[in-house]
Amino acid sequence: MLRELVEFLRIPSVSTLPAHDADCRRAAEWVAAELRRLGCREVAFLASDVHPVVWGVGPDVPGAPTLLIYGHYDVQPPDPLGEWVTPPFEPTVRDGKLFARGSADDKGQVFCLLRAIAAAGRPPVNLRFLIEGEEEYGSRVLFDLLRREPERTRADAVLIADMAYVAPRWPAVYTALRGLCYAEISVRTAQSDLHSGEFGGAAPNAHEELVRLLGRLKRPDGKINIPGLYAAVKRPSRAELAAWRKLPFREADFLKQRVRAKRLTGLKGHSVLERLWALPTFEIHGIMGGFTSDGAKTVIPAAATAKVSLRLVPNQKLKTVERQLAAAVKRLAPKYVSASVKFMHGADPAQVRITHPAFRLLDQAFREVVGRGTVPVRAGGSIPVVPALGRSGAPVILTGIGLPDDRLHAPNEKLDLKQLWDGINVFRRFYELLGRGNADARS
Ligand code: BES
Ligand code: MN
Ligand code: MN
């Protein structure tokens, strides 16, 4: 099994880089072959220009509940390459952990869900699959597809394994995901670059204007300076905050082992979990323009661009936040600077009620296999299509077999093999429980 997962992980399916389009296609084909092997009576590439959505329909089991499985075969870029102990697309096992880009996010978890089906020996469940290849840059293709063909999400439950336990031995079920608003902020200060000796002291500098603007968008205390941004933010209930305080999470360990910085930042008066799960963020991802090659060049740049994003929380709306960000940039830029915002992709935040009986079955499966049931938590990350997947009313079960130290999107991403083998047993058991005439699991 490990050999087959390694084969999948070897494919550098980086969706955001056009140079890897053919690799994404190969990863899609790998998924399709796997679905055929599981006996799917229908396997198709949907909306397929570049990164097709792999759609599958399992064997028909009359009267049995329908489960839609969602996952993604694309991965984030692997850079900085120099920091990987072994190359990102040459999966390597060290100390019981499988190191590779995509091992935890999400190829390893997709593999886990699929192998659990084989392990259950064709469970009495009507299976549907939506495994996409654009999750890591906004899921536009799948969004459009689900708008045109919402019936694809018709199911008794949707299962997603694209997250982690909240701590080792503590499986989790997620009640909320943050949304995202990804944008490029550009400024232009002159027609073209200028000699910094001839003009320095009298001409505006695009980088200087951009960093001043970015600096104004967030106050030193962590408060985001975008008018109206916090208006829709729903505070977690007292009960939820109290439950978070009981989780196996220590701020000091989080700083020392996971963040590995000198101190944590963010709004005072809110716990770390509240800052990660229930408050919006503003981050700068990169700044482009000017002279950054080897050597030295004395120039005043005329243009500069920053890639930024905000994370959104219940009940913020992407559309509103886009308007608020554009207005704030316009207001904060001086008159002599032309500033513009280009929106790249985004997602509304997601909220999930975990009252449907299917959640009890997942809890039972984890309890039987790993000795502890699912603890309800939230996620700081985003999965753009989650709100759309739940639109037809099916409960969206968000869980995962990763661990908090898997280093998603970072060098040396890994998946603990024990988590994978346990995970296969957990989901096998979940499919069995769901199929075992648990009529109340049907809506
Ligand atoms: N699997 C993650 C989302 C995630 C990460 C959920 C950690 C819970 C905990 C997903 O693949 C991801 O990285 N999503 C992107 C979406 C974006 C690029 C639109 C994200 O959150 O940055
Ligand atoms: Mn993912
Ligand atoms: Mn990801």
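Trainee: What makes β1, β2, β6 and α11 the packing partners of the buried residues of α4?

Mentor: Contact is the test: two residues touch if their C-beta atoms, placed from the backbone, lie within 7 Å. By that rule the buried residues of α4 pack against β1 (42-46), β2 (53-57), β6 (126-132) and α11 (386-389). The helix and strand names are DSSP runs numbered from the N terminus (helices H or I, at least four residues; strands E, at least two). This is a predicted model, in which local features need pLDDT of at least 70 and side-chain atom pairs count only at pLDDT 80 or more, while totals for chains, interfaces and linings use all residues. Residues are numbered from 1 along each chain as its sequence is written, and chains are lettered from A and ligands numbered from 1 in the order in which they are written.

Trainee: Which residues of α4 are called buried, and how do you know that they line one face?

Mentor: Buried means 20 or more other C-beta atoms within 10 Å of a residue's own, exposed means 12 or fewer, and partly exposed lies in between. In α4 (residues 140-148), Val141, Leu142, Leu145 and Leu146 are buried. Seen down the helix axis, the buried residues of α4 fall within an arc of 125° (taken from the directions from the axis to the C-beta atoms), so they line one face. The face turned away from them carries the exposed Asp144, Arg147 and Arg148.

Trainee: How do you know that the length of α9 agrees with its residue count?

Mentor: The expected span is 1.5 Å times one less than the number of residues. For the 15 residues of α9 (residues 318-332) that gives 21 Å, and the end C-alpha atoms are 21 Å apart, so the two agree. The buried residues of α9 are Val321, Leu325, Ala328 and Val329. These fall within an arc of 100° and therefore line one face, whereas Lys319, Arg323, Lys330 and Arg331 are exposed on the other side. Packed against the buried residues of α9 are β9 (179-188), α5 (206-217), β13 (303-312) and β14 (338-347).

Trainee: Why is ligand 1 said to lie between the domains?

Mentor: Domain bounds come from an automatic or database domain assignment. Domain 1 (2-177 + 349-441) and domain 2 (180-237 + 277-347) both give residues to the shell around ligand 1, so the ligand lies between them. A residue joins that shell if its C-beta atom, placed from the backbone, lies within 6 Å. The shell has 17 residues, and the closest are Asp162, Met163, Ala379, Gly381 and Ser382.

Trainee: What makes the backbone at arginine 260 and arginine 407 worth a look?

Mentor: Most residues other than glycine have a negative phi, and most peptide bonds are trans. Arginine 260 has a positive phi of about 50°, and arginine 407 one of about 60°. Arginine 260 has 7 other C-beta atoms within 10 Å, so it is exposed; arginine 407 has 17 such neighbours and therefore counts as partly exposed.
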